[in-house]
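Please read them with the model open alongside.

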Amino acid sequence: MPEPIIEIRGLSKSFGSVRALEDIGFSIGKGEVFTLLGPSGCGKSTTLRIIAGLEDAEAGEIRLAGNTIFSSERHINLPPEKRNMGMVFQSYAIWPHMTVAANVAYPLKLRGVSGADIRDRVARALKLVDLEAQADRDAPKLSGGQQQRVALARALVYEPEVLLLDEPLSNLDVKLREQMRFELKLLQERLGLTLIYVTHDQSEALSLSDRIALMNFGRIEQLGPPRDLYENPATEFVRDFLGKTITLAGRVAALENGGARVELARAPGSLACAAGARAFPAAGTDVMVAIRPEKVRIAVEGGNGGLPGRIETVLYQGERTECLVRVGEELLTIYGPPEAAGLRGRDVTLVLPAEAISLWPR
Ligand code: ATP
C-alpha cells in the first residue's frame, strides 16, 4: 500500500441504545479510492461524518498525514475546518441565490484567501469539472449533474488532502450516474486524489474503488480490493451483497487431490471443487455449493462431467440471456450469451468449473 494518509483505529459510536459503530479500523493510502459499502443503517455515513469531524466517536483514534486529528484517549478533536478534507453530499448542498463561481469561492472566503487568489483558484476548479462556461449562472438553475460538479469543484477548490463523498451520485438518473462515474474516476486519477466514498450501490463500489470495506451492523465484514471481495467473499453476507450466486444443496462425498467431491442432494450427479480461499469441510458434511452465474457454461453438446439440465425458459437481455435451468429438483438462473435465447426447452449440460465453486455451511 502507498504511504498512509488516513489511519483509523478502534472507532466506536452509539446513538442511545443503537450501536452504530463497533471497533472500526483501517488505513488509506495516498491517492487511493476507498469505499465504505453496505446496506442502509450499517454505519457508513456515521464513519464518514466522524472522519470529517461532524460527529464525535466515543472511542478511537484518527490520524491524517501522521497527525492525530481525533483521539478519545488523548482528548484530541480537531474541528472540521481544521481537518483539511473536502466533502460532497448526495444532496449537493449548493447554496441558492449564488452564482456557480460564488458557490465555489465560498470556502476560500471562509479561509480568508485574498480576492485575486480566489478568482484564479475558482477558475481552475471550474475548469477541472468542465464548468468554466457556467461560472456566472445561478447555481440552482443548473441540471443535477452540473450541480453535483459545482459541489465537487467547491470541495476541491482548497486542495484538501482527502475528499469525502457521501452517495454523491445517487440523486442523478441512471445514465448520468454512469457518466459521472467515469468523470470522477478520470479526475481522481489525473489529480491523484484520495477519496473516501460512501455508497450502498455495489456496482458503483466495484467499479470505482481500489479497496472496499463492506460494512454490516456497524462492523467491517470484509476489507479488500473489489475483485477479492467478489471472488473470495469471507461470509455469506459479503457473497450475497456483492452479486448473484447460484446455490445447490449437497454433501461432501470425499476429499481428493487437494479438492473436494460433492454429491448433490436434489439433483443427480456430483461436482468437483478445487481448493480456493475457503477451507473444505470434512467428508460427510452437508454443504451448499455456490458459484457466480456467469462462471457456469451452458453446453448444448458435450460438457463431459457437467450437470444434465433442461432450459425451462429464457429472458433475452440484449448483451446476455438469463436462462432458467432445471437440474433435478433445483431451478437455477444462469447467464448465457445472447444466442442462448434460442435454447428454450432444450436439454443441455451445465459445466461448473471446479475452481469457481465454493462450499458453504448448510
Ligand atoms: P444510509 O445508507 O441509510 O445512510 P448508513 O450506513 O450511512 O445508512 P448511518 O447513517 O451511519 O448508516 O447510521 C448507522 C446507525 O446509526 C443507524 O441505525 C442509524 O439509525 C443510527 N443513526 C445515525 N445517525 C443518528 C442520529 N443522529 N441519531 C440517532 N441515530 C442515528
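1. A residue is near a molecule or strand if one of its heavy atoms lies within 4 Å of it. The residues around the ligand are F15, V18, A20, P39, S40, G41, C42, G43, K44, S45 and T46. The model is predicted, so to speak of its basis: local features need pLDDT of at least 70, side-chain atom pairs count only at pLDDT 80 or more, and totals for chains, interfaces and linings use all residues. Residues are numbered from 1 along each chain as its sequence is written, and side-chain values use heavy atoms, with hydrogens and water left out.

2. The protein chain has eight helices and 21 strands. Along the principal axes, the C-alpha atoms of the protein chain fill a box of roughly 75 × 50 × 35 Å.

3. Of the 362 residues in the protein chain, 48% count as buried. Buried means under 20% relative accessible area, exposed means over 50%, and partly exposed is in between (1.4 Å probe, protein chains only). The protein chain exposes about 17,300 Å², and carbon and sulfur atoms supply 49% of that area. Accessible areas come from the Shrake-Rupley method with a 1.4 Å probe, and for residues only the protein chains shown count as cover. Among contacts (heavy atoms within 4.5 Å) with a separation of 6 or more, 65% are between residues 24 or more positions apart.

4. Which elements supply at least two residues each to the shell around the ligand? They are strand 2 (18-29) and helix 1 (44-52). Helix 1 gives the most, with three residues. By class, the shell has five nonpolar, five polar and one charged residues. Here Ala, Val, Leu, Ile, Met, Phe, Trp, Tyr, Cys and Pro count as nonpolar, Asp, Glu, Lys and Arg as charged, and the others, Gly among them, as polar.

5. An N or O atom in the side chain of S40 is 2.6 Å from an oxygen atom of the ligand. For S45, a polar side-chain atom lies 2.8 Å from a ligand oxygen atom. C42 uses a backbone N or O atom, 3.1 Å from an oxygen atom of the ligand. Taken alone the ligand exposes 630 Å², of which the protein buries 57%.

6. Helix 2 (residues 100-110) contains A102, which is partly exposed with a relative accessible area of 25%. Helix 2 is followed by G112, whose phi is positive, near 75 degrees.

7. Aromatic rings of Phe, Tyr and Trp (its six-membered ring) pair if their centres lie within 6.5 Å; planes under 30 degrees apart count as stacked, over 60 as edge-to-face and the rest as tilted. The count comes to three aromatic pairs. One of them, W95 with Y106, is tilted, at 4.5 Å centre to centre and 55 degrees between the planes. W95 lies in the loop between strand 7 (85-89) and helix 2, and Y106 in helix 2, so the pair ties together parts that are 11 residues apart in sequence.

8. Most residues other than glycine have a negative phi. H75 is not a glycine, yet has a positive phi of about 55 degrees. H75 lies in the loop between strand 5 (67-71) and strand 6 (76-77) and is exposed, at 73% relative accessibility. H97, also not a glycine, has a positive phi of about 55 degrees. H97 is in the loop between strand 7 and helix 2 and counts as exposed, at 78% relative accessibility.

9. T349 lies in strand 20 (residues 347-351). Is T349 buried or exposed? T349 counts as buried, because its relative accessibility is 16%. Not counting residues up to four places away in sequence, T349 touches R297, I298, A299, G302, G303, G306 and L307.

How values were computed. Helices (H or I, at least four residues) and strands (E, at least two) are DSSP runs, numbered from the N terminus. A polar contact is a pair of N or O atoms within 3.5 Å; within protein, one must be able to donate a hydrogen and the other to accept it, and residues adjacent in sequence count only if both atoms are side-chain atoms.
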